[in-house]
Amino acid sequence: CALMKPAADRMAEALGEVTMDAPAKPLVANVTAEKTIDPETIRKLLVEQVCGTVRLRASVLYMKEQGITDLVEIGTGKVLTGMVRRIDRDLSGVAAVSYTHLRAHETPEHLVCRLLLEKKKKKKMNTWSLMCLSK
């Protein structure tokens, strides 16, 4: 991981300049496949993921064990959504290609809720449970 060490150092430096509050919902770290809400642990794990082994399969299955059924990928593509589908066909995923999907005055949390609700309408799901986060 010597090639990525400078990136990990830069990530640590950048995260050191950020005030981080505990999330409203636990974060599942892809280097541990476990949940955490401690801001300092999250900061440390975000740096570790730059060089560490990504445990996507274990993370996805852990989330399923916790009752998560729908996942939203926010990034530049749909790669993870496809990988999640291959890991477990019972899980549902939707990709928001970028924050450009945000509407005026919409938070990322609202974007996630909107995308999941739109997906529900397209698939005509019979049951649905979704908790939208708000500040």
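**Close-up views of the predicted model**

**View 1. Arg-43 and its contacts.** Setting aside residues within four places in sequence, Arg-43 is in contact with Leu-15, Gly-16, Val-18 and Met-20; a contact here means heavy atoms within 4.5 Å. This is a predicted model, in which local features need pLDDT of at least 70 and side-chain atom pairs count only at pLDDT 80 or more, while totals for chains, interfaces and linings use all residues. Residues are numbered from 1 along each chain as its sequence is written, and side-chain values use heavy atoms, leaving out hydrogens and water. Arg-43 sits in helix H2, residues 39-51. Helices (H or I, at least four residues) and strands (E, at least two) are DSSP runs, numbered from the N terminus. Arg-43 counts as buried because its relative accessibility is 14%; the cut-offs are under 20% relative accessible area for buried, over 50% for exposed and in between for partly exposed, with a 1.4 Å probe and protein chains only.

View 2. What does Arg-43 pair with? Its side chain meets that of Glu-40 in a salt bridge, 3.3 Å from N to O. For the record, a salt bridge is a side-chain nitrogen of Lys or Arg within 4 Å of a carboxyl oxygen of Asp or Glu. Glu-40 and Arg-43 are about one helical turn apart, because 3 residues separate them in H2. Glu-40 is partly exposed, at 48% relative accessible area. Further along, the side chains of Lys-44 and Glu-48 make another salt bridge at 3.1 Å, N to O. This pair also lies in H2, 4 residues apart, or about one turn. Both partners are partly exposed: Glu-48 at 37% relative accessible area and Lys-44 at 47% relative accessibility.

**View 3. The largest nonpolar core.** Six residues make it up: Ala-8, Leu-15, Met-20, Ile-42, Val-47 and Val-50. Helix H1 (5-16) and H2 each put in at least two residues, and H2 gives the most, with 3. A nonpolar core is a set of buried Ala, Val, Leu, Ile, Met, Phe, Trp, Tyr and Cys residues joined through side-chain atoms within 4.5 Å. Look at Val-47: beyond residues up to four places away in sequence, Val-47 touches Ala-8, Met-11, Ala-12 and Leu-15.

View 4. Lys-64 and Asp-88 form a salt bridge, with their closest N and O atoms 2.6 Å apart. Lys-64 is partly exposed at 32% relative accessible area, whereas Asp-88 counts as buried at 12% relative accessibility. Asp-90 joins in too, linked with Lys-64 and Asp-88 in a network of salt bridges.

View 5. Val-79, Leu-80 and Met-83 make a nonpolar surface patch of about 260 Å². Leu-80 belongs to helix H4, residues 79-87, and counts as partly exposed because its relative accessibility is 41%. Patches are built from residues with over 30% relative accessible area and no salt bridge, joining like charges within 9 Å and nonpolar side chains (Val, Leu, Ile, Met, Phe, Trp, Tyr) within 5 Å. Accessible areas come from the Shrake-Rupley method with a 1.4 Å probe; for residues, only the protein chains shown count as cover.
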